[in-house]
Amino acid sequence: MAGLRKRSGVFYAVIRVNGKQKELSTGVPVEQKGRKAKDLKAEAEQKAALLERRAKGEISHSAALDALRSVEKINGGGGDMPTVREYLTNYRGQAKASTEKNRQRAIKYFLEYLGKGADVRLDALSRQTVIDFLPWALERVAVGTVKLYRAMLATAFNAAVDDELIPRSPMPRIVKMERMAETVNPEIKRDVVKRQPFSPDELSRIFHTFPQPWADMALASFALGGLRLGEACCLRWENVDLKRDVVTVETTKTEKTLEQALPPLLKARLLARREMVEEAEPYIFPNMARRYQREDSSISSEFSALLRAAGIVRAMPETSLKGNRKKVNPLSFHSLRHSFCTLGRCDSGVVPDVMRSIVGHNSEQIERGYTTANLEHKRAAVDAVMACIPSPPVAE
């Protein structure tokens, strides 16, 4: 018969299975306001007996969970097994806001796939159903997006395992998602586009000929280490120190605080902009900040339209890909980040450690993905190396 042990303020069932002792949490507190100690112990004993039967294989995991919840309800707590829809809709993780936003998008997409199947009990969701979701998603969105959805859903299912709602996660471990993608979607290779940097001449045209606030915002993004679109839109005056010529940047992806040098051209633009906005206005680009905060999806496409109008990029072909996948142009607002890295490393010789401290990359491997060396860069590098070799001695 299962015994009880008090640990960390909770009753644990002490069970012996196949000669080995196991301790499983009953979830019943040793002390609880409004309840008698003998009642708590009695509930813990009931749960311990059920946990022992489950451990010995006398009842199924689902049957044990149902019985455990019945005990909780009799004692004024617990509840029924939630449906897949109920559990995922109400699930909230402990990650940063941007991650939770991605999780909610993944959950919405998964529930769309399930349809009425989302109204089954969570413990009835089969692994095969989840496996079938992946190729369905790969026919509609890019590989990277499906990888993100899989990771977000896996966290939610793992939490259900930790809470002992289900015995194991229904999310499989997919090692070669790209291979699955090529099988279900022949167009998949057209989804992968490496971002390219702008040339110096193209950067000059953007900074000096684009309409406001895009010209100043693109300049700020580039000069401050390649800010992401949301970071540039939401720059605040309180983070600009005009006396020290420093701008403090809060990165949204890595949640780092970076101190960036304020170059003269950007300082002059900010001073001119300061004269045009109200003293109490917190944002440098107020309209863009508010558009971004209300999740206006047209911001990125607006910049792309300006690039097309300027002849910097060509319009994408009329033919469309399957599903909801978007054609990705190698030049976009994010290319400002690639441009800063490429010009810094390949043209200006900025050492890797300094570049990472400016851009905020966590590793040199990530930084390398943002650097595109062309033939002239390689030629200059070879010439620099060859210049280190001394000339042969002059024959007498």
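1. Phe-333 is buried, at a relative accessible area of 5%, where buried means under 20%, exposed over 50% and partly exposed in between, with a 1.4 Å probe and protein chains only. This is a predicted model, in which local features need pLDDT of at least 70 and side-chain atom pairs count only at pLDDT 80 or more, while totals for chains, interfaces and linings use all residues. Residues are numbered from 1 along each chain as its sequence is written, and side-chain values use heavy atoms, with hydrogens and water left out.

2. Phe-303 is likewise buried, with a relative accessible area of 0%. Phe-303 and Phe-333 form an edge-to-face aromatic pair, 5.2 Å centre to centre with 75° between the planes; rings of Phe, Tyr and Trp (its six-membered ring) pair if their centres lie within 6.5 Å, and planes under 30 degrees apart count as stacked, over 60 as edge-to-face and the rest as tilted.

3. Arg-228 is buried too, at 12% relative accessible area. Leaving aside neighbours within four places in sequence, Arg-228 is in contact with residues including Thr-251, Lys-253 and Phe-333, contact being heavy atoms within 4.5 Å.

4. Strands S5 (residues 246–250) and S6 run antiparallel and are joined by five bridges, two strands being paired if DSSP finds at least two bridges between them; strands (E, at least two residues) and helices (H or I, at least four) are DSSP runs, numbered from the N terminus. Val-246 stands opposite Ala-261 in S6, and Glu-255, in the hairpin of S5 and S6, takes a positive phi near 55°.
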